[in-house]
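Biologist: I am new to reading protein models. Could you walk me through this one, feature by feature?

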Amino acid sequence: MRIRIVDAFTDRPFAGNPAGVLLLDAFPDYDRLQRVALEVNHSETAFAHRLPPGGEADWALRWFTPATEVAMCGHATLATAHVLHSTGAHEGPVRFATRSGVLTATPREDGSVTLDFPTAPLTPVEAPAGVAEALGAEPLTVLDTGPNIRDLLVEVADEDTVRALAPDLKALASHSERGVIATAPAQDPSRGYDYVSRCFFPNVGIDEDPVTGSAHTALAPFWSERLGRPDLTGLQASSRSGLVRTELRGGRTLLSGRAVTVIEGELLA
């Protein structure tokens with residue numbers, strides 16, 4: 001069983017968000033998948049197998065954190081598409097059958113991959129009692145992001161506030177099903193990004209996710225409405241950092257980025 005570690009939403013090794021990728025003949029049982037994801041111990045490990053020709057999708061795809069299976073993951077989907085294209089296992093656009101429906105990944109001439117994901121439905125909510133203290137910043141706006149990503153999207157004052165966050169993760173865990181996305185406008189858009197974010201997901205075993213594609217299905221509609229443009233670039237300001245280009249198309253959001261394979265080996269157990 002071949003296993004690869006791919007850094008996603010970056011064009012250089014040791015940046016972006018690492019994901020494990022395993023191409024299988026079929027999915028083993030849940031416990032086996034979860035044990036492998038725990039052993040890999042990155043924020044997500046993707047498992048994929050080829051589907052029979054003629055259906056609505058080309059590959060089946062599942063994502064696991066070290067603690068649980070999730071309904072949607074952007075960076076591990078990008079990593080899987082990168083592996084399929086770089087190894088010659090699949091050419092052209094690839095359709096993945098997932099818990100979030102059929103998701104398409106399209107390679108571009110510049111080496112990037114564009115993911116077609118459902119746009120998160122945003123619902124304004126009252127800031128939960130204690131969330132400001134848990135996050136370490138006063139929320140300006142709080143929104144529920146719907147069933148696919150299950151986060152709170154929290155706007156804070158400015159980019160410096162996002163970068164300085166040091167949340168109480170145990171306290172933060174009680175405020176949403178997966179976690180909290182903190183965001184603010186870019187201090188200087190001439191630096192190549194329009195907004196910043198950080199993502200804290202203690203409920204699925206991820207204290208801080210380096211670069212989160214799924215979160216950008218909520219960030220894209222939020223900032224596109226604020227900034228008046230469908231095409232934006234988000235910087236996830238984690239210690240590894242990464243850029244996600246977003247294009248809002250109504251009920252769908254296109255997420256574009258690059259990926260780099262950094263480790264390839266054999267799973268022996």
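**Pockets, helices, rings and cysteines**

Modeller: Let us begin with a pocket: strand 16 (residues 242-249) gives the largest share of the lining of the largest pocket, three residues. Strands (E, at least two residues) and helices (H or I, at least four) are DSSP runs, numbered from the N terminus. This is a predicted model, where local features need pLDDT of at least 70 and side-chain atom pairs count only at pLDDT 80 or more, while totals for chains, interfaces and linings use all residues. Residues are numbered from 1 along each chain as its sequence is written, and side-chain values use heavy atoms, with hydrogens and water left out.

Biologist: How much space lies in the largest pocket, and which residues are the closest to its centre?

Modeller: On a 1 Å grid over the protein atoms alone, a pocket is an open set of points with protein on both sides within 12 Å along at least five of seven lines; a cavity is a set where a 1.4 Å probe fits but cannot get out, and lining residues have an atom within 4 Å of a point. A volume is the space filled by probe spheres set on the points, which are joined across faces, edges and corners. Here the largest pocket holds about 240 Å³. Of its 13 lining residues, F9, T10, D11, G242 and L243 are the closest to the centre.

Biologist: And what about the largest cavity?

Modeller: The whole structure has one cavity of 30 Å³ or more, and the largest cavity has about 70 Å³ of space. Among its 14 lining residues, the closest to the centre are E44, C73, R178, D209 and T212. Helix 2 and strand 14 (206-209) each supply at least two residues of this lining.

Biologist: What span should helix 2 have?

Modeller: The expected span is 1.5 Å times one less than the number of residues. For helix 2 (residues 74-87), that gives 20 Å, and its end C-alpha atoms are 20 Å apart, which agrees.

Biologist: How many disulfides does the structure hold?

Modeller: A disulfide is a pair of cysteine sulfur atoms within 2.5 Å. The structure holds zero. The sulfur of C199 is 11 Å from the closest cysteine sulfur, in C73, which is too far for a bond. C73 counts as buried at 4% relative accessibility, and C199 counts as buried at 0%.

Biologist: How do I read a pair of aromatic rings?

Modeller: Such a pair is described by the distance of the centres and the angle of the planes. Rings of Phe, Tyr and Trp (its six-membered ring) pair if their centres lie within 6.5 Å; planes under 30 degrees apart count as stacked, over 60 as edge-to-face and the rest as tilted. This structure holds four aromatic pairs. The ring centres of F47 and F64 are 5.7 Å apart with planes at 85°, so the pair is edge-to-face. F47 is in strand 3 (residues 44-50) and F64 in strand 4 (residues 59-64), so the pair ties together parts 17 residues apart in sequence.

Conventions. Buried means under 20% relative accessible area, exposed over 50%, partly exposed in between (1.4 Å probe, protein chains only).
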